[in-house]
Amino acid sequence: MEALLQIQILGGPVPIVVFALAGVCALYLLLRRPTRRRLLTSAIGLLAGTAVALGVYALANRTKAFGGDLTLEVLGLLIATCAAIGLAIVNLWDSRWWRKVVAAVSIPVFALAGGIGINAFYGLDKTVADALGIVVSKPIDLPNADTGDAPPPDRPLYESWQPPADMPAQGKVGTVTIPGAASGFQARQAGLYLPPAAQVKNPPLLPVMVFMLGYPGTPNPEMITPTLDRFAAEHRGLAPIVIIADQIGNGRDPACADSSTYGNAETYIRKDVPAWIRQNLHVGTQPKGWVLGGYSNGGVCAVKYTALDPAAWGTLVAVSPEEFPGVEYADRVRADVYGGDAAAFEADKPAAILARNTGRYAGVTAAVTTGTEDGGFGPGTRRLADAATAAGMNVTLTEIPGAGHTGDALALGLAAGLNTVAPSLGLAPPAPPPSPTP
């Protein structure tokens, strides 16, 4: 079962094989001796499939079943998939037995190809487990957590660090269980990334980052491992130790809050996860070296929690954050999470929290990113960055050319965010001042 869950569906041979098989099946179902009856039934199958796709698309967008509106690109893939299935169904009649067998086999093949194609468009779920929201356990040995009474380093790490000969070239990833001791929240296993510098015999006190992915999704560390490894390679093995925490649980979106409906997701991230880090990881204690980050849904949670706890989180990396939790299904969040209390819902939005606490954020360095092609969430991200700036955070907003709100926005946005905060974390020298304008 575990081997099935870990099958790669984003890249690799499986999508190629499935698409090729789907193409062969479609070609076979189309190539038959034409008669008026067969042409009519084929047209009916294709049109019926298209109508079903349009209905699914409209229903999904109306109910926000997938967390937000499906794009026109997804609609095109849905139409191709459902039309092909409709063609297969009509081939079950007025045909020889072997054509019936091919038609029956084609139905799941077309559905699988469509699912893989839609997943490839978003570029987020790498495995079957990711697509199903399942975390595959991969236990990892934790480094020595004893930091003793080590004072903050008198020089930034990029100046004092000399990589030892035994340092591995890449980071190490696995899963850990972070219990909801204070919150009672039923979180899935968290991911853990140990950069090369954390794996040596006497590791330095590295910064730590708690990173949250989007909704729906899984806290799979492999989603961001390539980006983290590239950053470490560019900084002589130095990078934050990263916890990929689960702010969602196994149900619907808790909207970065505590509620009787979905559990105490906020307390879990703000209390349980930091307590586990202090007990189990070899990291510094200075707020500047504690990074809270996230992508999309996780990004807005990171902004909210940093706004609430600027003394705990000195650095923020928000990659394509939503303007506020549940922005695309606000009525549902207001009803389910806040019990219909509109005032409480408004007061808990990140912009409102930031405004109430203006002047408390002088020590917070924030990197916010958005894709230039992210028409759905980009404007809200920019407004959120403006609110953080107005409240006193040191905000850098980076726009990722050509990126929407998919996998490229995550990979490129996280890379840009890490590069922005690297100097304040002591992992890179300060950026040179801009040249004066003539």
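**Cavity, pocket and helix packing**

The lining of the largest cavity divides into four nonpolar, four polar and two charged residues. Here Asp, Glu, Lys and Arg count as charged, Ala, Val, Leu, Ile, Met, Phe, Trp, Tyr, Cys and Pro as nonpolar, and the others, Gly among them, as polar. The model is predicted: local features need pLDDT of at least 70 and side-chain atom pairs pLDDT 80 or more, whereas totals for chains, interfaces and linings use all residues. Residues are numbered from 1 along each chain as its sequence is written, and side-chain values use heavy atoms, without hydrogens or water.

The structure holds one cavity of 30 Å³ or more. The space in the largest cavity is about 40 Å³. Its lining consists of Arg 188, Leu 213, Gly 214, Gly 217, Thr 218, Pro 219, Ala 245, Asp 246, Gln 247 and Ile 248. (On a 1 Å grid over the protein atoms alone, a cavity is a set of points where a 1.4 Å probe fits but cannot get out; a pocket is an open set with protein on both sides within 12 Å along at least five of seven lines; lining residues have an atom within 4 Å of a point.) Volume is the space filled by probe spheres set on the points, which are joined across faces, edges and corners.

The largest pocket contains about 1300 Å³ of space. A total of 48 residues line this pocket. Phe 66, Leu 70, Tyr 122, Leu 124 and Pro 216 lie nearest its centre. (Helices, H or I with at least four residues, and strands, E with at least two, are DSSP runs numbered from the N terminus.) H5 provides the largest share, eight residues. By class, the pocket lining has 25 nonpolar, 15 polar and eight charged residues.

Pro 216 also takes part in a cis peptide bond, with Tyr 215 as its partner. Omega at this bond is about -10 degrees. Pro 216 sits in the loop between strand E3 (208–212) and H8. Arg 236 is placed in the loop between H8 and strand E4 (241–245).

H5 also packs on helix H2 (residues 13–30). Their axes come within 9 Å and cross at roughly 140 degrees. (Axes are lines fitted to C-alpha atoms, for helices over the stretch in contact; angles run from 0 to 180 degrees between N-to-C directions.) H2 is therefore oblique to H5. (Angles under 35 degrees count as roughly parallel, over 145 as roughly antiparallel, 65 to 115 as roughly perpendicular, the rest as oblique.) On the H2 side, the residues in contact include Phe 19, Cys 25 and Tyr 28. On the H5 side, they include Trp 98, Arg 99, Phe 110 and Ile 116. (Contact means heavy atoms within 4.5 Å.) The contact of H2 with H5 has 17 nonpolar, two polar and one charged residue.

Helix H8 (residues 225–234) packs against helix H15 (residues 407–425) at about 35 degrees, with the axes 9 Å apart. Thr 227, Leu 228, Phe 231 and Glu 234 of H8 meet Ala 411, Leu 414, Ala 415, Leu 418, Asn 419 and Ala 422 of H15. Seven of these residues are nonpolar, two polar and one charged.

Helix H9 (residues 265–280) and helix H10 (residues 297–308) pack at an angle of about 60 degrees. Their axes lie 11 Å apart. H9 and H10 are therefore oblique to each other. Ala 265, Glu 266, Ile 269 and Arg 270 of H9 make the contact with Lys 304, Tyr 305 and Leu 308 of H10. The contact of H9 with H10 has four nonpolar, no polar and three charged residues.
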